[in-house]
Amino acid sequence: MLKPRLIEEKMLILLRQGKISKWFSGIGQEAIAVGVTMALNKEEYILPMHRNLGVFTSRNIPLHRLFGQWQGKASGFTKGRDRSFHFGTQEYKIVGMISHLGPQLGVADGIALASKLKNKNEVTAVFTGEGGTSEGDFHEALNVASVWQLPVLFCVENNGYGLSTPTKEQYNCANIADRGLGYGMESHIIDGNNIVEVYTKVNALAQSIRENPRPVLLEFKTFRMRGHEEASGVKYVPKELMDDWAIKDPVLNFETFLKENDFLSKSESTSIKAKIIEEINKNLDIAFAEEAIISSEIIELDDVYHEFDYKEFKEIKNTKEIRFIDAISDSLKQSMERHDDLVIMGQDIAEYGGAFKITAGFIEQFGKARVRNTPICESAIVETAMGLSIAGIKSIVEMQFADFVTSGFNPVVNYLAKSHYRWGQQADVVIRMPCGGGVAAGPFHSQTNEAWFTKTPGLKVVYPAFPYDAKGLLATAINDPNPVLFFEHKGLYRSIRQEVPADYYTLPFGKASLIKEGHDVTIISYGAAVHWALETLENNPEISADLIDLRTLQPLDTETIYKSVKKTGKAIVLHEDSLFGGIASDISALIMEHCFEFLDAPVKRVASMETPIPFVSQLETQYLSKNKFEPALKSLLEY
Ligand SMILES: Cc1ncc(C[n+]2csc(CCOP(=O)(O)OP(=O)(O)O)c2C)c(N)n1
Ligand SMILES: [Mg+2]
């Protein structure tokens with residue numbers, strides 16, 4: 001406890017000297033981070049927050065590496081890409097926070113699930129402030145942990161304030177621990193300023209959880225003795241409160257306890273302090289002497305994704321004619337057979353077989369541990385998938401409808417997408433997205449929301465139009481250690497059939513398929529719209545066109561696009577999504593930038609209307625870009 005305290009005191013001096021930029025203080029709360037960390041085994045994961053320096057020091061991370069992290073140096077943990085405590089390290093089994101606070105809690109669920117699946121008898125501890133408990137992530141994570149009986153210690157540090165907001169404006173119950181009852185979960189209140197109590201209770205609980213896996217909610221009563229961060233001050237905190245808590249200082253009180261009971265002499269105390277100060281100063285010298293980070297655009301771009309060594313599996317001996325939906329189901333089943341710890345999670349996917357029956361029969365073959373029905377907790381399930389990946393397990397999340405990804409949007413775009421770039425941690429997760437309109441399902445069961453994700457570096461986005469591609473690309477998505485959003489158009493599920501290899505095979509990402517060849521125009525599309533373009537060409541056999549089915553949107557096969565446009569001199573991009581900010585706009589811009597001299601006409605974009613997707617068929621038909629395509633194509637040809 002003394003080490004994080006002395007480091008902090010030094011940091012406050014450096015802050016005043018302008019040598020560091022920001023500081024979130026945990027002074028007064030050290031007993032919690034240190035006590036919990038000491039009660040866990042080294043191989044058990046801890047997911048700390050911004051006031052938990054004691055977790056990092058108690059895991060014996062060399063101080064110059066911590067200082068290097070705070071100064072954005074190469075010896076830190078994020079190559080200068082993320083700040084302060086926003087990092088993880090597999091070496092020390094610490095998974096640091098993202099700024100959004102709550103997502104940590106669901107990630108802990110995933111790590112704990114991995115421990116349970118591998119019969120490891122390990123506990124995972126995750127921290128949050130009392131402010132963070134107001135986030136939906138907290139509710140979802142506790143609910144999932146309870147339903148699945150995951151070995152997680154949920155550690156709430158109730159320090160009286162969330163930034164300037166006092167607890168009475170944050171929640172309306174006597175104790176946060178009382179909520180355990182509502183989740184069907186054991187809970188305890190612990191004096192967070194008493195290291196003996198923290199260690200003794202957490203140690204006993206950790207042992208009991210290892211033997212009998214279950215989640216436990218702990219509320220540590222403590223107080224934040226400094227501002228939210230140093231610049232924000234504590235003017236809004238009544239002085240009496242500060243005074244009351246000052247006498248409960250965990251470090252001073254423990255020192256007194258040790259001295260009074262003859263465990264520690266005055267000279268020992270002085271020499272321990274001197275040794276720590278020396279260690280801090282020595283390590284600070286190392287960190288300050290380290291040169292500023294050197295990077296390049298290539299290095300930065302390279303680290304957005306985990307390296308993926310694509311392996312081609314080819315199997316074309318036996319083919320059978322199957323529907324799009326069978327291709328998805330077969331691919332999933334064959335991947336489940338190949339990767340024996342691959343887990344699928346989704347609502348109603350077990351006995352019921354999923355909203356579209358894609359996983360029907362899976363539990364009989366793979367069991368309920370690997371084919372997991374989930375509560376309606378999209379955020380927590382995406383976070384759980386992230387946690388599984390941290391613990392080395394691949395997973396697939398089935399969104400019941402792509403529309404519902406909004407309820408898990410934060411962990412997709414902030415956690416899965418950014419982890420590899422931030423601290424080299426891959427998110428080995430495939431999110432299946434049954435999407436698309438034309439099925440009279442209204443504004444919330446019809447969206448094709450791929451553009452929300454192609455905008456976010458760190459994600460891969462796949463959108464097949466045919467059973468053959470769907471099966472091979474899904475196998476690749478599962479092999480790829482990066483997060484993949486896999487779009488499956490519902491309208492194609494039962495309407496499109498194709499002769500497809502019966503055995504396992506893969507197809508590469510970033511390779512479009514040229515499904516028709518011609519001279520006069522290049523048509524670029526993906527998903528259901530590819531079939532609209534095909535229909536138009538069938539109805540107008542005089543039109544000589546290249547038809548490119550992109551198959552994957554991120555990575556995007558620009559080479560095939562440019563080659564074709566340079567040949568035909570005209571390009572039209574057709575998609576089902578609405579126009580503004582859609583993929584067509586970017587493809588159009590890329591063509592202008594790279595093929596301008598070859599163009600005989602402006603690039604044409606054809607997309608659906610700028611309205612939500614209406615329910616009734618006449619309105620939906622009017623909304624969709626399908627009927628706008630033929631006239632747009634003809635007018636482009638006449639240009
Ligand atoms: C989703 C989100 N909303 C708001 C913030 C801004 N913010 C950062 S920390 C914080 C207070 C957190 O309070 P608490 O959970 O009690 O932790 P404490 O700082 O007291 O340790 C706020 C509002 C944020 N980081 N993320
Ligand atoms: Mg707080």
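This talk covers the nonpolar cores and the salt bridges of one structure.

A reminder before I start: this is a predicted model.

Let's take the cores. The largest one has 79 residues. Four residues have the most contacts inside it: F154, I431, F453 and I591. Look at F154. Setting aside neighbours within four places in sequence, F154 touches L105, D109, V126, A141, L142, A145, M185, P215, V216, L217 and L218.

Now the charges. How many salt bridges does a search of the whole structure find? It finds 29.

Pair one is E230 with R226, at 2.9 Å, N to O. E230 is buried, at 18% relative accessible area. R226 is partly exposed, at 29%.

Pair two is K460 with D480, where the closest N and O atoms are 2.7 Å apart. This pair links distant parts of the chain, 20 residues apart. K460 is in strand β15, and D480 is in the loop between α19 and β16. Buried or exposed? K460 is buried, with a relative accessible area of 12%. D480 is buried too, at 0%.

K567 is partly exposed at 43%, whereas D546 is buried at 1%.

One last item, a network. Salt bridges with shared partners join K79, R81, E300 and D303.

Key
Residues are numbered from 1 along each chain as its sequence is written. Chains are lettered from A and ligands numbered from 1 in the order in which they are written. This is a predicted model: local features need pLDDT of at least 70, side-chain atom pairs count only at pLDDT 80 or more; totals for chains, interfaces and linings use all residues. Side-chain values use heavy atoms; hydrogens and water are left out. A nonpolar core is a set of buried Ala, Val, Leu, Ile, Met, Phe, Trp, Tyr and Cys residues joined through side-chain atoms within 4.5 Å. Buried means under 20% relative accessible area, exposed over 50%, partly exposed in between (1.4 Å probe, protein chains only). Contact means heavy atoms within 4.5 Å. A salt bridge is a side-chain nitrogen of Lys or Arg within 4 Å of a carboxyl oxygen of Asp or Glu. Helices (H or I, at least four residues) and strands (E, at least two) are DSSP runs, numbered from the N terminus.
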